[in-house]
Each structure stands twice: as C-alpha cells, then as structure tokens.
Amino acid sequence: MASRNKNKRCKSDSESQSEEEEDDVDSSIEKGDKISAESSSNQDMTTTSRHYFGSIEGGVSIGIIENMKEEYGLFVWPSSIILAEYVWQQKSRFLGANVVELGAGTSLPGLVAAKVGADVTLSDDLNRSEVLDNMRRVCKINDLKCQVLGLTWGVWDAPVFDLYPNIILGADVLYDTSAFDDLFATVTFLLQKRPDSVFITTYHNRSGHHLIEFLMEKWGLKCNKLLDGFSFMPSHKASNLSGNIQLAEIVLDTFQCE
C-alpha cells in the first residue's frame, strides 16, 4: 500500500511486551490467519499483526508493525494481503528474482517475496521518512535483509537508475488518479530496463479502469493477466476481507514499442 501520511512514531516498551505475548500464542493460531497485539498505551496505536502463508510445516509467517493512527501508509490493506498471497502461491517464480515493491507502506508482499528467496527492494515516497523507518523495523523483526529505498514516482533521482527488477510489485498503488501518470512513468522506466519484466499490482475497481487503460496505451504497456483478487484466496482468508479487488500483470507492449 502506498503511504500517504505523516507523524513518525517510536516503539514503546509496552509494544515490545505485546510482541512477546503474541509469540506465546502463535502456536495456537491456524496458519493463514492474522492476529494482532495492540499496545496498551492510549496515546500510541501501534500494533503488530502476524500473517501466515502455507501449511504449519512448510509455510512462513510475517510480522508487520502497523499504526492505526496513520491515515494510510502504516496499515495492511486487503489489496496488500491479496498480493502477498499471490506471491506465496507463485513462490517458485520469485525464487532468485530481483523484486522492487513500489509504494510499499507496510511491505507485506515484498517481505513474502524475500521470505521465498527473492532479492527485494522496498520503496516508498522519499518524503515519508516515518514509513521508510517502519520498513527497516519490519525487516529487522522478520530477520530479512531487504534494501529500503526512498523513491518518489516520476522523480528521477540517482537510486532509481540502479534498479533492474524483473518483478515489480504494487498493492493498491492505483488509488489517487492525480498520481497515476507518475506511477506509470516509473513502472515503464523500470520495465524498459528488463524487457522480460512484469508489474504485478492489486487494486480496487474504484480506481478508474478507463484512465488505467488510457495510461497503459500512452506508456506502451498492456495487461496480459487479469484475475479476481478473491479467486485464488483461501476461503478462511477471503472471509476476513472485503472489496472488489483485481490483480493485474502488466508488461511492455512490444508491438507498440517497435
């Protein structure tokens, strides 16, 4: 989920205690479920949620630090959970892949990709320092060595030129129509660096299909896979989510680029 708000926060002792209590009950939680441990402080709405993928024996779990007082950027939204599940189910495709997550926010899809063996860069708006700091914390609590990068869509700072992903992830990045053009400019730039690469995104149908289709044509892109986001979700996960969410795989339109 792309980040969209301010107010940097630090983790309190009470939050650390909540995480320890959460670990004690992990063994009783069915894999695939999400649990949350909330700070006891009335002033700090930081929680740690844990997300499970696969079976007890062969699956993985990811801990995410969320802040319920942050307007958007530090909350795990349904589109992020659906994209993370897709990454898990496609894990052989991600093994050894070079992955960049755009507008990563709480970074669940990118963290799952790292867990299954991808080389992952988590990125969000360069000006959202509290979100970038939170990314570093979640990498640490999950014992993952992802690169964290401030990357503002449509801004051509030096670090973007060092990225060569073959898979680009974006969960609910198509939320603000005023940012669509900058997003597609960035996606196209990254896809052109590796013509066999793909942009995998989940989004709500509220996002404006006609504008998305226009921008794909403008930037020489095409959608080569479109799925109902709930079509591949395990039933016990899908029952906890709402919305009309689609997953699209977007690639360069080679015929248009010739």
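In the predicted model, Leu111 is in contact with Ile62, Ile64, Thr106, Leu122, Val138, Cys139, Asn142, Leu144 and Cys146, when neighbours within four places in sequence are left aside. Leu111 is also among the residues with the most contacts inside the largest nonpolar core, together with Phe94, Leu108 and Ile200. This core comprises 47 residues. At least two core residues are supplied by each of eight elements, namely the helices H2 (78–89), H4 (108–115) and H5 (129–141) and the strands E3 (60–67), E5 (119–124), E7 (167–171), E8 (198–204) and E10 (245–252). Helix H2 provides the largest share, with seven residues. Another core, of 26 residues, lies apart from the largest one, and its members include Leu149, Phe184, Tyr203 and Met216.

Helix H6 spans residues 180–193 and helix H7 residues 209–218; their axes lie 10 Å apart and form an angle of about 40°. The two helices are therefore oblique to each other. The crossing of H6 and H7 is right-handed.

Methods: Residues numbered from 1 in each chain as written. Predicted model: local features only at pLDDT ≥ 70, side-chain atom pairs only at ≥ 80, totals over all residues. Heavy atoms only, no water. Axes fitted to C-alpha atoms, helices over the stretch in contact; angles between N-to-C directions. Helix = DSSP H or I, 4+ residues; strand = E, 2+ residues; numbered from the N terminus. Parallel < 35°, antiparallel > 145°, perpendicular 65-115°, else oblique. Left-handed = near helix turned anticlockwise from the far one by under 90°. Core = buried A, V, L, I, M, F, W, Y, C linked by side-chain atoms within 4.5 Å. Buried < 20%, exposed > 50% of the residue type's maximum accessible area, 1.4 Å probe, protein only. Contact = heavy atoms within 4.5 Å.
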